[in-house]
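Biologist: I'm new to this one. Can you walk me through it, one topic at a time?

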Amino acid sequence: MANLQLDTISAQFLSDVQAEVGAAQQAANLSAMALAKAQSVDDEAATLLTADTAQLNELNAAQRQAAASVQNARARLRAFAVDAYVSGGPGAPIEALLSAGNINDFARRQGYLTTVADESTDALRSYAQARSATSKATLVTVNELQRAQGNKQTADFALEAAQADFAAKTSAVHDRQNLLNLTSDAISSPGTDVPRMVLDAYQHAAAAVQAKGCHLAWWGLAAIGRIESNHGRAEDAHLAPNGDLVPHILGVPLTGKNGTALIEDQSGFAQAEGPMQFIPSTWAKWGQDGNGDGIKDVDNIYDATLGAAMYLCATTVQLETDLGLAAAYFSYNHSTDYVEEALAYATAYQAADKAGLVPRMGPVPLWALAPKTAVAPAGTSTSTSSPSTTAPSTVTSTSGH
C-alpha cells in the first residue's frame, strides 16, 4: 500500500470511486431482487410438483401402473428424439448410407438404421398403447406432473443463474469497496496528513457550527482528531462509504492508574471511543448525526466530528483565536500539555490552509455519494455510546471529556 503513492490520487478520483461503489451496489440490489424472484418462482414450482406428485400417489394401483407405462413410453420416445437430433436430424440416415465405403459397409449401416427405425416405431406404438390403456383422468394427472417437473427444472436453472449473478455482483461491490477504503482512508490531502474523507468531515462539521455563530475552523477541529486517533487511523481502522470507522476505536480503561483519569460507568471503568475519543456519558449528551442516517454513531467520522465541534463551541464561540481554542481544548482534556500540542497542530493545519494546500470543502459531503444500502464491512459498529481523549494513533487516552 505504501508503494502506491496514494498522495497523488485526486479528490475527483475518490468521488469517482464513490460513484462506482454506488453503481455496483445498485446492480447488486437489482440482482438481489432478481434472485428473490427466482427463488419465489422455484418455491412455487416445488409446491406444485409436490402437489402433483401427491395427486399421482393418490391413484389406485392399476392407475399408477398405467401412469408409469405412459411415463416410461414418453421417456423412451424422448430419448429417440434426442438421439435423432444429436445424430443430425431426419436427413442423417440417408447421409450415412450415401457415405458408405463399400457394399458391405452399406449393408451394415442399412441394417443398423433399419433396427433403429423399428425400435422407434415400436416405441411410438408402445406409447400409443399406453395412452389408449390409460383413463383420461389418469392421463391428465400424468400430464400435470410432467409439466410440473419441467417447470421445476426450468426454475432450478433460473435460480442457479440468479445465484451466480448475485455472487458476481456482490463480489464487484466488495472490490469497489476495497478500492474506496484504500483511496478514502490511506490517502492524505495535499499539505496535510489528513485523509480526504476525514478532512471532508472536519470541514462540514465546522461549517455546521459556523452557521450557528461559532467561529470554529476545520483546522481547529482537526487538531483534536490528530491527537485523539491520528485522524481515525487508530486500531488500523478504515473508512466505509458512509464515514463509519471499522473496527471500533476504543481507548484504555480510565482507572485512575498509570496517569489516567478515574471515570467509572455502569460497566466498570469508562473507556474513550471513536475517532474523537468521547466517553459514553459525554457522547450521550453531545452525540450528533452528522451523516443523516438517523444514528448517532461514535465510530462514524461525520457524527463524531460534529459532536466534537458542538462540544468545543459550548466553551466559547470565539474559536478563531488561540485564546478561545486553548480554553476549548482544555475543556476537552484538562491538560496544559494537551492544549499546547493541539494548538501546534491547529497552527500547522491553518498554515497549510492559508497556503492553498488544502482542498476546499465540496458542495456535498462525501458520505452523500455512498450507496443508500451499502454492504456493511465486517465489524461495522453502530454504537450509540460516547468518547474521551487519546494519544496519537495508540489510543491511550488518560482523561475523559
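Biologist: How far apart are D156 and K152 in helix 5?

Modeller: They are four residues apart in helix 5, so about one helical turn separates them. This is a predicted model: local features need pLDDT of at least 70, side-chain atom pairs count only at pLDDT 80 or more, and totals for chains, interfaces and linings use all residues. Residues are numbered from 1 along each chain as its sequence is written, and side-chain values use heavy atoms, with hydrogens and water left out.

Biologist: What do D156 and K152 form?

Modeller: A salt bridge, with the closest N and O atoms 2.6 Å apart. The term means a side-chain nitrogen of Lys or Arg within 4 Å of a carboxyl oxygen of Asp or Glu. Helices are DSSP runs of H or I with at least four residues, strands are runs of E with at least two, and both are numbered from the N terminus.

Biologist: Is K152 buried or exposed?

Modeller: K152 is buried, because its relative accessible area is 16%. D156 has 25%, so it counts as partly exposed. Buried is under 20% relative accessible area, exposed is over 50%, and partly exposed is in between (1.4 Å probe, protein chains only).

Biologist: Which residues are in the network with K152?

Modeller: D42 and D156 are linked with K152 in a network of salt bridges.

Biologist: How many salt bridges are there in the whole structure?

Modeller: The search finds six. One of them joins the side chains of E20 and R176, at 2.4 Å from N to O. That pair links distant parts of the chain: E20 is in helix 1 (residues 11-57) and R176 is in helix 5 (residues 136-186), 156 residues apart. E20 is partly exposed because its relative accessibility is 35%. R176 is partly exposed too, at 27%.

Biologist: What about D193 and R226?

Modeller: Their side chains meet in a salt bridge at 3.1 Å, N to O. This pair also links distant parts of the chain, 33 residues apart: D193 is in the loop between helix 5 and helix 6, and R226 is in helix 7. D193 is partly exposed at 26%, while R226 is buried at 15%.

Biologist: New topic. How many disulfides are there?

Modeller: One, counting cysteine sulfur atoms within 2.5 Å. The disulfide joins C214 to C313, with an S to S distance of 2.0 Å. C214 is in the loop between helix 6 and helix 7 (218-229), and C313 is in helix 9 (residues 301-313), 99 residues apart. Both cysteines are buried.

Biologist: Why is the disulfide left-handed?

Modeller: Because the torsion about the S-S bond of C214 and C313 is about -90°.

Biologist: Now E273. Where is it found?

Modeller: E273 is in strand 6 (residues 271-273). E273 is buried yet has no salt bridge. The nearest side chain of opposite charge, K296, is 15 Å away. Here Lys and Arg count as positive, Asp and Glu as negative, and His and the chain ends are not counted.

Biologist: Which side chain makes a polar contact with E273?

Modeller: The side chain of H248, at 3.2 Å. A polar contact is a pair of N or O atoms within 3.5 Å; within protein, one must be able to donate a hydrogen and the other to accept it, and residues adjacent in sequence count only if both atoms are side-chain atoms.

Biologist: Last one. What does helix 11 pack against?

Modeller: Its buried residues pack against helix 7 and helix 10 (322-332), where contact means heavy atoms within 4.5 Å. Among those buried residues are Y338, L343 and Y349. Just after helix 11, G356 takes a positive phi of about 75°.
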